[in-house]
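Open the structure in your viewer and keep the selection tool ready. Each stop below says what to select next and what is there.

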Amino acid sequence: MRVLMTGSEGYIGAVMRDVLADAGHEVVGLDTGYFEGCDFGDPPTPIPLIKRDLREVEATDFEGFDAVAHLAALSNDPLGNLAPGVTEAINTNGSIRVAEKAKEAGVPRFLFASSCSLYGQGAALGLTEEAEPNPQTPYAHSKIDFERALQAMADDNFSPVYLRNATAYGVSPRLRFDIVVNNLCGWAWTTGKIQMSSDGTPWRPLVHIRDISRAFLCALEAPKDVIHNQAFNVGSSKNNVQIRDIAFKVQKQMPECEVTFGNSDGDNRTYNVDFTKIETKLPGFGEAQISVDDAITEFLDAFKRLSTKEEDFQSRLYTRLKQINHLRSEGRLSDDLVWL
Ligand SMILES: NC(=O)c1ccc[n+]([C@@H]2O[C@H](COP(=O)([O-])OP(=O)(O)OC[C@H]3O[C@@H](n4cnc5c(N)ncnc54)[C@H](O)[C@@H]3O)[C@@H](O)[C@H]2O)c1
């Protein structure tokens with residue numbers, strides 16, 4: 001199949017392109033390039049790229065594609081809080097434009113990278129896809145708002161599917177240290193310490209970026225009736241963990257690392273999610289394959305190979321907010337994150 005992947009140049013897209021290509025699909029990227037040159041080791045495998053802001057896409061960009069994998073977004077809470085309205089302008093309204101233009105061009109399948117963060121502060125353990133969303137941040141709001149817009153667009157010729165990813169982890173050529181597993185591995189390796197300001201009790205569902213990529217592959221290849229207008233939580237019941245457990249898992253593989261906790265810092269994002277639907281209903285997915293322990297091993301190998309230092313860990317290259325603020329302070333991006 002020919003797949004147009006928005007956000008292809010980001011953390012997940014840099015890995016998903018290989019998973020789809022290895023399965024025989026042809027991938028074309030579309031990305032505005034906020035993280036151009038922010039490589040960790042070798043750059044991502046080259047693919048044809050439409051360099052464009054998603055707020056400016058046209059139907060002609062989507063002609064001839066069998067599916068869109070829509071990943072482009074301001075993709076975490078700190079970025080989502082950057083400036084009022086920008087997250088809504090890109091993640092909600094820009095995404096609606098992407099879906100409308102894709103539909104107009106006759107693309108039959110639309111895979112959306114949604115997020116488990118839309119469950120927000122889950123009162124119960126084991127939130128299923130039927131649980132009432134309780135978004136706590138502009139980022140989480142943007143995910144449920146766009147899902148709802150897509151639901152209204154679903155018809156015989158247009159099948160959206162909402163892949164609600166858990167918090168991602170794992171090594172990528174466009175690495176991020178602003179997500180929890182990667183961040184704790186980075187602290188431990190470069191400073192020998194994990195100092196948590198919180199008590200580490202909030203729950204997080206986690207998933208490796210290659211398992212996210214496999215979920216997209218399965219949704220791309222599944223019969224239409226299985227995925228049409230369906231939400232799937234993407235993760236693993238084995239990977240619903242409390243943040244303190246991640247710190248201890250890192251310490252197990254780096255025994256010299258010191259782990260300390262503070263008091264709760266008021267982070268009210270805690271959610272514990274059920275993954276039965278993806279495990280039983282999405283053909284070919286089965287269970288998530290790459291555990292947090294496997295990923296920690298993968299990080300240690302990469303850090304050794306690339307001699308990663310604290311200045312690399314702290315650099316703008318791998319923290320989304322720092323890179324975006326760098327581009328703004330250099331006068332290259334406007335406050336609306338439009339190239340100047
Ligand atoms: N990383 C996670 O933990 C996680 C978890 C759940 C869901 N998701 C979702 O998965 C998707 C991919 O996440 P990621 O971690 O790879 O993010 P990322 O920030 O690493 O990459 C996002 C990419 O989108 C591009 N982009 C942003 N705004 C754009 C615009 N206006 N026009 C064109 N391109 C634009 C950026 O240049 C970047 O290359 C996002 O939608 C994110 O919300 C990520």
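The expected span of a helix is 1.5 Å times one less than its number of residues. Helices (H or I, at least four residues) and strands (E, at least two) are DSSP runs, numbered from the N terminus. This is a predicted model, in which local features need pLDDT of at least 70 and side-chain atom pairs count only at pLDDT 80 or more, while totals for chains, interfaces and linings use all residues. Residues are numbered from 1 along each chain as its sequence is written, and side-chain values use heavy atoms, with hydrogens and water left out.

**Stop 1: helix H4**

Select residues 138-153, which form helix H4. H4 has 16 residues. From its first C-alpha to its last it reaches 23 Å, close to the 22 Å expected at 1.5 Å a residue.

Now colour the buried positions. Buried means under 20% relative accessible area, exposed over 50%, and partly exposed in between (1.4 Å probe, protein chains only). In H4 the buried residues are Tyr139, Ala140, Ser142, Lys143, Ile144, Phe146, Glu147, Leu150 and Met153.

What covers them? Show strand E4 (67-70), helix H2 (77-80), helix H3 (86-104), strand E5 (109-115) and strand E6 (159-165); the cover of the buried residues of H4 includes these. Contact here means heavy atoms within 4.5 Å.

**Stop 2: helix H6**

Move to residues 209-221, helix H6. Its 13 residues reach 19 Å from first C-alpha to last, close to the 18 Å expected at 1.5 Å a residue. Is H6 enclosed or open? Of its 13 residues, 11 are buried, so H6 is largely enclosed by the rest of the structure. Among the buried residues are Asp211, Arg214, Phe216 and Cys218.

**Stop 3**

Two packed helices are described by the angle between their axes and the distance between the axes. Axes are lines fitted to C-alpha atoms, for helices over the stretch in contact, and angles run from 0 to 180 degrees between N-to-C directions.

Select helix H5 (residues 180-191) and helix H8 (residues 243-253). They pack at an angle of about 40°, with their axes 10 Å apart. H5 and H8 are therefore oblique to each other. (Angles under 35 degrees count as roughly parallel, over 145 as roughly antiparallel, 65 to 115 as roughly perpendicular and the rest as oblique.)

H5 passes H8 in a right-handed crossing. A crossing is right-handed if the near helix is turned clockwise from the far one by less than a right angle, and left-handed if anticlockwise.

Show side chains. Val180, Val181, Leu184, Cys185 and Ala188 in H5 meet Ile243, Ile246, Ala247 and Val250 in H8. By class, the residues of this contact are 9 nonpolar, no polar and no charged. (Ala, Val, Leu, Ile, Met, Phe, Trp, Tyr, Cys and Pro count as nonpolar, Asp, Glu, Lys and Arg as charged, and the others, Gly among them, as polar.)

With 9% relative accessibility, Ile243 counts as buried. Setting aside residues up to four places away in sequence, Ile243 touches Val180, Leu184, Met196, Gly200, Pro202 and Arg204.

**Stop 4: H8 against H10**

H8 passes H10 in a right-handed crossing. Lys249, Val250, Lys252 and Gln253 of H8 make the contact with Val292, Asp293, Ile296, Thr297 and Leu300 of H10. The contact has 4 nonpolar, 2 polar and 3 charged residues.

**Stop 5**

Select Ser307, in the loop between helix H10 (292-306) and helix H11 (310-314). Ser307 is not a glycine, yet its phi is positive, about 50°. Its relative accessible area is 40%, partly exposed.

Next, Asn229, in the loop between helix H7 (224-227) and strand E10 (230-234). Phi of Asn229 is near 60°, a positive value in a residue other than glycine. Asn229 is partly exposed, at 30% relative accessibility.

Follow on to Ser237, in the loop between E10 and strand E11 (240-242). Ser237 is partly exposed at 44%. Its contacts, leaving aside neighbours within four places in sequence, are Phe275 and Glu279.

Finish at Ser8, in the loop between strand E1 (2-6) and helix H1 (13-22). Ser8 is buried, with a relative accessible area of 0%.
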